[in-house]
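User: Could you take a close look at the aromatic rings here and explain, step by step, how they are arranged?

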Amino acid sequence: MALRAPLRTTPREPEPLTARGAAQPTVGWSPARRVLSYHAAFWARTWRGQVISSFLFPILYLASMGLGVGKLVNSHAHGVSGVSYLDFVAPALLAMNAMQISSNETMWPVLASFKWVRTYWTAVATPIRPRDIVAGKLTWVAIHVAMVGVIFTAVLFAFGALHSGFAVLLPLAGVLTGLAYAAPIAAFTATQENEKSFPVFYRFGIIPMFLFSGSFYPISQLPGWLRTVVQFVPLYHGVALCRTLALGQGSLAATLYHLAILVALAVVGTWLCTVTFRRRLEA
Amino acid sequence: MALAATLRVFPPGALGSRRAIQMLERNVVIYRKGWYFIVSGFFEPLFYLLSLGIGLNHLVGHLHVGSASLTYAAFVAPGMLATSAMNGSMLDATFNTFFRLRVDHTYDSVLATPLSVEDIALGELSWCLTRGSLYSVSFLVCMWALGDTLSPWAVLCLPVAILTSLAFASGGMALCTYLRSWQDFDLVGLALMPMFLFSGTFFPISQFPSWLQLVVRATPLYQGVALARSCNLGQFSWADVGHVGYLLAMSLAGMLMTSRRFRGLLAP
């Protein structure tokens with residue numbers, strides 16, 4: 001705690017441009033773009049390590065659940081909700097992957113930037129403000145999820161799991177699901193002093209959400225009380241949205257409802273981020 | 001001649017001495033503060049069982065394995081048991097061993113005491129096994145409570161899970177000595193994830209084309225899953241002897257290799 005911000009000497013607001021700084025414009029959202037370019041540069045050097053978990057694992061899940069378990073489901077119940085089991089599970093995996101990527105990006109790496117690597121402290125020693133860090137980070141998460149989403153949508157297309165033109169919007173639905181997780185989690189991480197809560201959140205938050213949010217079966221299979229609980233899980237709305245887009249089924253009202261919840265979470269989460277980041281970095 | 005050869009392959013003390021218990025004690029002391037890490041590890045397979053049991057039971061209907069007809073939850077449960085044994089011991093055998101071996105240099109400090117390299121290997125192995133067994137016992141109780149145990153033979157799932165833990169713990173530790181950096185753990189995940197998804201855990205491997213069935217039959221997790229399922233159903237075949245033999249051989253080979261590798265890496 002004593003070592004929290006020993007070296008930061010710059011004032012809170014960006015300094016007036018010096019003769020040297022004038023060569024590089026620092027107005028508008030430019031500081032945030034610098035944060036973004038940091039994340040992009042970092043990713044460009046380390047993406048290989050993430051390929052396995054962000055591409056290969058969802059595809060393996062798709063093969064195991066969609067094809068393997070799908071065969072059992074299709075032969076007994078003749079598919080789910082009028083479509084084959086693969087088609088039912090496939091869009092859900094996209095939403096789940098978005099949740100996975102976003103939560104992984106905003107737990108350990110964000111705490112590392114505060115505590116172990118201290119990147120954020122370096123950043124705020126420049127004209128970059130905490131809100132720029134938030135904007136840059138969340139924009140980066142959105143881009144990351146979008147890139148994976150585009151490729152994953154192509155994979156789903158190859159599996160023959162897409163049945164509607166709206167499916168081109170799947171990466172966007174993934175981005176929204178991702179931000180609905182990334183923003184609140186990053187806000188939470190900024191309040192943490194150590195990583196102890198992360199494995200707990202992962203095991204009692206992420207994994208149950210992954211398993212019970214109507215991804216592998218319609219939530220009508222769940223007992224009534226659990227169905228009520230699931231309504232509060234962002235992933236449920238992300239899965240429902242992705243499924244609507246992929247299959248072209250579902251009412252407009254329900255779609256707008258899911259959309260509204262995800263947007264609300266992303267917006268409120270982003271606002272919370274600016275508060276908690278500022279509190280920590282300007283303390 | 002035969003004795004000399006035997007002694008070369010299995011040198012006395014290669015499997016450690018009684019001092020290994022000190023290593024086990026060290027881990028128990030360490031985890032007294034982090035007990036919730038251990039407790040929380042138990043819930044993951046339970047969540048899978050609950051989720052798939054509740055949700056897919058009606059959609060999948062009854063499965064036919066041998067002469068038995070069983071619900072989907074009862075089909076998945078032994079698979080989850082073997083998987084939790086694998087995950088529980090692999091987690092310790094790879095991540096924690098790597099940390100102690102390469103990052104924290106715990107073992108170098110331990111070697112400054114009367115403990116030998118083999119004691120370390122055996123002690124760490126017993127710890128992995130203890131953790132894996134705890135998960136297995138508690139999972140088996142849940143399985144029974146949920147009505148997914150189908151015969152009294154299901155009790156034998158416990159030794160099966162422990163044997164699976166042992167095989168993965170010793171194999172995992174041997175493997176761990178070859179890892180160069182944290183990035184290499186992606187490769188470990190790359191090996192574990194397909195086994196988890198395709199070893200007959202979620203659907204019978206009879207769905208695969210025959211060449212792929214052969215590949216699956218050669219993987220270690222399949223042995224545990226198949227054995228646990230036989231025990232749960234109370235229907236055994238000669239293949240089960242093969243599964244036991246496979247896991248025993250893997251355990252022994254892993255232990256010897258771990259001892260040898262540790263000696264090379266740690267001994268001055």
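Analyst: Let us begin with B:Tyr72, which is buried, its relative accessible area being 0%. In this predicted model, B:Phe75 is buried as well, with a relative accessible area of 1%. These two residues belong to helix α5 (residues 72–103) of chain B, where they are 3 residues apart, or about one turn of the helix. The rings of B:Tyr72 and B:Phe75 form an aromatic pair, with 6.3 Å from centre to centre and 20 degrees between the planes. Because planes under 30 degrees apart count as stacked, this pair of B:Tyr72 and B:Phe75 is described as stacked.

Over all chains, the count of aromatic pairs comes to 26. One of them joins A:Phe204 and B:Phe43 in an edge-to-face arrangement, with the centres 5.0 Å apart and 65 degrees between the planes. This pair crosses between chains, running from helix α7 (residues 197–212) of chain A, which holds A:Phe204, to helix α4 (residues 43–60) of chain B, which holds B:Phe43. A:Phe204 is partly exposed, with a relative accessible area of 37%, and B:Phe43 is partly exposed too, at 25%. Ring pairs also link A:Phe204 and B:Phe43 with B:Phe42 and B:Phe47 into a cluster.

Finally, in chain A, the charged end of A:Arg243 sits over the ring of A:Phe88, at 3.6 Å from the centre of that ring.

Conventions:
Residues are numbered from 1 along each chain as its sequence is written. Chains are lettered from A and ligands numbered from 1 in the order in which they are written. This is a predicted model: local features need pLDDT of at least 70, side-chain atom pairs count only at pLDDT 80 or more; totals for chains, interfaces and linings use all residues. Side-chain values use heavy atoms; hydrogens and water are left out. Rings of Phe, Tyr and Trp (its six-membered ring) pair if their centres lie within 6.5 Å; planes under 30 degrees apart count as stacked, over 60 as edge-to-face and the rest as tilted. Helices (H or I, at least four residues) and strands (E, at least two) are DSSP runs, numbered from the N terminus. Buried means under 20% relative accessible area, exposed over 50%, partly exposed in between (1.4 Å probe, protein chains only). A charge sits over a ring if NZ of Lys or CZ of Arg is within 6 Å of the ring centre and within 35 degrees of the ring normal.
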